[in-house]
Amino acid sequence: MNSRSDVIDFHVHVGDFRRLRADIQRLLLQLKAEQDFNLEELISRPKELARYLRREGVEKAVILAEDGPGTNYHITTEFVCDFRDAAAEEAGMFIPFGCMNPTYTSNIIEKYESDLSRGIRGYKLYPADHNYHPITDELMRFYERLDSDGLILMFHTGTTGQDDGIDEYGDPAIFRPILESFPSLKVVMAHAGKGKPAYCKEAEICALQYANCYLDTAFIAADKLLAYQPNLERFSHKILFGSDWPAGVRSLSGHIAALGRSGISSQSLDRILSANARRVLQLN
Ligand SMILES: [Zn+2]
């Protein structure tokens with residue numbers, strides 16, 4: 001069992017399971033027989049999810065909107081903010097990140113202003129899953145606003161798990177213009193390029209090269225993390241623990257405990273599981 005209680009999980013999904021597209025339901029149910037939690041129930045119950053996460057050693061969790069075809073557009077920025085609010089006295093557990101999907105948003109800045117009023121701390125964008133290139137004039141103006149307002153920008157990187165996605169839009173290299181144009185904007189490359197060795201290497205190079213670039217560990221098995229990121233000890237101050245719960249998780253506390261046995265030094269582990277996220281989210 002995991003004995004920590006200070007973990008910050010930077011990558012958690014919530015939603016209404018029944019409204020997800022069939023391939024996403026299948027993706028989430030792959031490990032169902034081996035899971036020590038009931039994902040269909042927990043994923044949509046704010047108070048229960050908060051209590052479960054705390055039991056598993058998580059102090060706070062970033063909950064991610066995903067406004068795209070795979071979720072039938074239901075996990076909007078409003079959805080995750082309502083989820084946080086519905087947790088009532090447990091709401092402090094949740095840090096909502098909105099979603100901007102430029103393909104279906106007529107006025108990005110207008111939507112941004114309304115999202116901001118709900119108290120989001122960042123955004124997750126899914127170019128590979130939602131099938132768009134992340135560098136356009138309008139999106140660059142949006143990133144500039146995130147930078148000046150101190151929000152965090154997360155991208156899905158690596159190959160896509162969705163039926164109609166485009167892997168090339170998950171190549172960490174295509175985000176370089178953002179890292180270079182906005183050096184004070186914190187950019188998180190979710191999954192650290194998982195799916196192609198060249199993407200994983202590129203994610204490492206970006207994290208080493210750009211002070212504002214972070215990687216998260218979502219959907220990476222504990223015993224595979226050092227295989228995908230063999231030089232992790234060199235930049236462990238840039239790596240954020242993300243479980244991708246419920247995707248790919250058999251037991252959340254078991255996953256956290258397995259990271260402790262993965263060969264990562266205890267100093268790096270403290271950074272990855274807790275300290276880095278506190279710094280990035282300015283929690284202390
Ligand atoms: Zn995810």
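## Close-up views of the predicted model

View 1. Tyr 199, Cys 200, Glu 202, Ala 203, Glu 204, Cys 206 and Ala 207 are the buried residues of H9. A residue is called buried if 20 or more other C-beta atoms lie within 10 Å of its own, exposed if 12 or fewer, and partly exposed in between, with C-beta atoms placed from the backbone. Helices (H or I, at least four residues) and strands (E, at least two) are DSSP runs numbered from the N terminus. Residues are numbered from 1 along each chain as its sequence is written. The model is predicted: local features need pLDDT of at least 70, side-chain atom pairs count only at pLDDT 80 or more, and totals for chains, interfaces and linings use all residues. The buried residues of H9 pack against helix H8 (176-181), S6, S7 and helix H10 (225-228); contact here requires C-beta atoms, placed from the backbone, within 7 Å. H9 (residues 197-209) lies across strand S6 (187-190) and strand S7 (213-216), at about 140° to S7. That angle lies between N-to-C directions, on a scale from 0 to 180 degrees, with axes fitted as lines to C-alpha atoms, for helices over the stretch in contact. From first C-alpha to last, the 13 residues of H9 reach 18 Å, close to the expected 18 Å at 1.5 Å a residue; the expected span is 1.5 Å times one less than the number of residues.

**View 2. The eight-stranded sheet.** The sheet is open, its pairing is parallel, and its strand order is S1-S2-S3-S4-S5-S6-S7-S8. Strand S1 (7-13) and strand S8 (239-240) are at the edges with a single partner strand each, so one side of each has no neighbour in the sheet. Two strands count as paired if DSSP finds at least two bridges between them. S3 and strand S4 (residues 122-125) are joined in the parallel sense over two bridges. Gly 98 has Tyr 123 of S4 as its bridge partner.

**View 3. The largest nonpolar core.** This core has 77 residues, and those with the most contacts inside it are Ala 61, Ile 63, Val 80, Tyr 123, Leu 153, Val 187 and Met 189. A nonpolar core is a set of buried Ala, Val, Leu, Ile, Met, Phe, Trp, Tyr and Cys residues joined through C-beta atoms within 7 Å. Not counting residues up to four places away in sequence, Ala 61 touches Asp 9, Val 12, Leu 53, Met 93, Phe 94 and Ile 95.

**View 4. Helix H4 and Ala 88.** In H4 (residues 77-86), the buried residues are Thr 77, Phe 79, Val 80, Cys 81, Phe 83 and Arg 84. They pack against helix H3 (46-55), strand S2 (58-64), strand S3 (94-98) and helix H5 (108-116). Ala 88 is in the loop between H4 and S3. Although not a glycine, Ala 88 has a positive phi of about 50°. Ala 88 is exposed, because it has 10 other C-beta atoms within 10 Å.

**View 5. Gln 162 in its loop.** Gln 162 sits in the loop between strand S5 (152-156) and H8. This residue is buried, because 22 other C-beta atoms lie within 10 Å. Leaving aside neighbours within four places in sequence, Gln 162 is in contact with Asp 23, Gly 70 and Asp 129. Gln 162 and Leu 27 are 135 residues apart in sequence but 8.8 Å apart in space, C-alpha to C-alpha.

Definitions and conventions
Contact = placed C-beta atoms within 7 Å.
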